[in-house]
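Subject: Structure handover and notes

Hello,

Here is the structure we talked about, with my notes on it below. Please read the notes with the model open beside them.

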Amino acid sequence: KPGEQKHPKEPSSLQCMHLAVVACGDRLEETLIMLKSAVLFSNSRLCFHIFAEDSLKPEFEKKLKEWPSSYTKKFESNIYPITFSVGNAQEWKKLFKPCAAQRLFLPVILKDVDSLLYVDTDVLFLRPIDDIWHLLREFNSTQLAAMAPEHEIPKIGWYSRFARHPYYGSTGVNSGVMLMNLTRIRSTQFKNSLISGGLTWEEMLYPLYQKYKNYITWGDQDLLNIIFYFNPECLYVFPCQWNYRPDHCMYGSNCRGAEDEGVSILHGNRGVYHDDKQPTFKALYEVIRDFPFEDNLFQSLYYPLQSKFLDTVHTLCGRIPQVFLKQIEKTMKKVYENRVIVYLGANHRY
């Protein structure tokens, strides 16, 4: 049974890469497209942990079963109800977006999972998850989570201009893509503004929320910023190309890593996949959504993407198409080469 499965304890183990997401309200399609992007490009086996409202569970099960077996064999999925272990469940549910606070409870709920990558529903992988999963090996002995900065430039960053609570570093961090060593989170005593001694993760969450609830705008992300403000040694900061948002191009290009290496993980926050404010983000979302699984990646994904991008060159984000295309092109070449080699190898035996 999936619930009884023992997960690997070694963070660098590639036996299964654990990916968690929380889906409520109208986020079913967005979540499925995110999972699709993860499966399309990743090399190692994936374990999906989907936290969803009860009404969405049968839909998730049905849709994931419809994927072709060549893809379903690359992952297993567990679907969980929304639960909060401490404090008032109704209060947590309403914090920022519906159910977003669920992510704060992952270390408590997924007791058998050593490490996982949490992402928001509006994320798209443009390269294998394996590549961000490898960053777990780069944690030093005190680091237990990794996130990207909320902004590269303090003077246009939200936290540096408006925050009324403590936040990490000079610009705060964005929690839409968060790599976590859950074993370390469960065993750490965290410094805090509540008592002079340390508190465990679970002990700290509700009192911290009670203390700052009148000052936080972005819900659980603000709580994470407060936690890592008091425990900066616990956070590994990865560069902006691992959590690339409209903010990185709508005020002029301000993510150097994406310019050099291309976008690794796209984060379409502000609802940009579903309106016309950022056509470049929307184009990527629609092309991955419409890609027929068994088709040729170049023909049915890359070429449509290139032609859609031609229509966006007049926009601030669209004028740097290479930033969006570089990683996805590299990844597709690797996928294609691997398939050709496997195919040739299989034929060679006869």
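How many bridges join β1 to β4, and do these strands run parallel or antiparallel? There are 2 bridges between β1 and β4, and the two strands run parallel.

First, the conventions. This is a predicted model, in which local features need pLDDT of at least 70 and side-chain atom pairs count only at pLDDT 80 or more, while totals for chains, interfaces and linings use all residues. Residues are numbered from 1 along each chain as its sequence is written, and side-chain values use heavy atoms, with hydrogens and water left out. Helices (H or I, at least four residues) and strands (E, at least two) are DSSP runs, numbered from the N terminus.

The sheet

An open sheet is formed by 7 strands in the order β3-β2-β1-β4-β7-β6-β8, with mixed pairing. Two strands count as paired if DSSP finds at least two bridges between them. At the edges are β3 (75-80) and β8 (235-237), each of which pairs on one side only. Neighbouring strands are turned against each other by 25 degrees on average, direction ignored. Axes here are lines fitted to C-alpha atoms, for helices over the stretch in contact, and angles run from 0 to 180 degrees between N-to-C directions.

Helix α2 (residues 57-66) packs on this sheet and touches β1, β2 and β3; its direction makes about 170 degrees with that of β3. Contact means heavy atoms within 4.5 Å.

Strand β1 (residues 17-23) pairs with β2 (residues 46-52) in the parallel sense over 7 bridges, and V21 has I50 in β2 as its bridge partner. On the β4 side, A20 is partnered by Y118. Strand β4 is joined in turn to β7 by 5 bridges, and these two run antiparallel; S115 stands opposite N181 in β7.

Strand β4 (residues 115-119) is mostly covered, with 5 of its 5 residues buried. Buried means under 20% relative accessible area, exposed means over 50%, and partly exposed lies in between (1.4 Å probe, protein chains only). In a regular strand the side chains alternate between the two faces of the sheet. Both faces of β4 are covered: S115, L117 and V119 are buried on one side, and L116 and Y118 on the other.

Aromatic pairs

The structure holds 21 aromatic pairs. Rings of Phe, Tyr and Trp (its six-membered ring) pair if their centres lie within 6.5 Å; planes under 30 degrees apart count as stacked, over 60 as edge-to-face and the rest as tilted.

- Y273 and Y285 are stacked, because their ring centres are 4.6 Å apart and their planes are at 10 degrees. Y273 lies in the loop between β9 (265-267) and α13 (279-290) and Y285 in helix α13, so the pair ties together parts that are 12 residues apart in sequence. Both Y273 and Y285 are buried.
- F298 and Y302 are edge-to-face, at 5.8 Å centre to centre and 80 degrees between the planes. Both lie in helix α14 (residues 297-310), 4 residues apart, about one turn of the helix. F298 counts as buried because its relative accessibility is 17%, and Y302 is buried at 6%.
- F48, W67, Y71, F75 and F293 are linked into a cluster by ring pairs. K36 lies over the face of F293, 4.9 Å from the ring centre. A charge sits over a ring if NZ of Lys or CZ of Arg is within 6 Å of the ring centre and within 35 degrees of the ring normal.

Loop residues

H165 is in the loop between α7 (158-162) and β7 (173-181). Its relative accessibility is 6%, so H165 counts as buried. Leaving out residues up to four places away in sequence, H165 touches Y159, Y212, Y215, I216, D222 and I226.

R270 is in the loop between β9 and α13. Most residues other than glycine have a negative phi. R270 is not a glycine, yet it has a positive phi of about 65 degrees. With a relative accessible area of 48%, R270 is partly exposed.

Domains

The domain assignment gives domain 1 (17-238) and domain 2 (241-347) for the protein chain; such bounds come from an automatic or database domain assignment. The domain centres, taken over C-alpha atoms, are separated by 23 Å. The contact takes 34 residues from domain 1 and 36 residues from domain 2.

Regards
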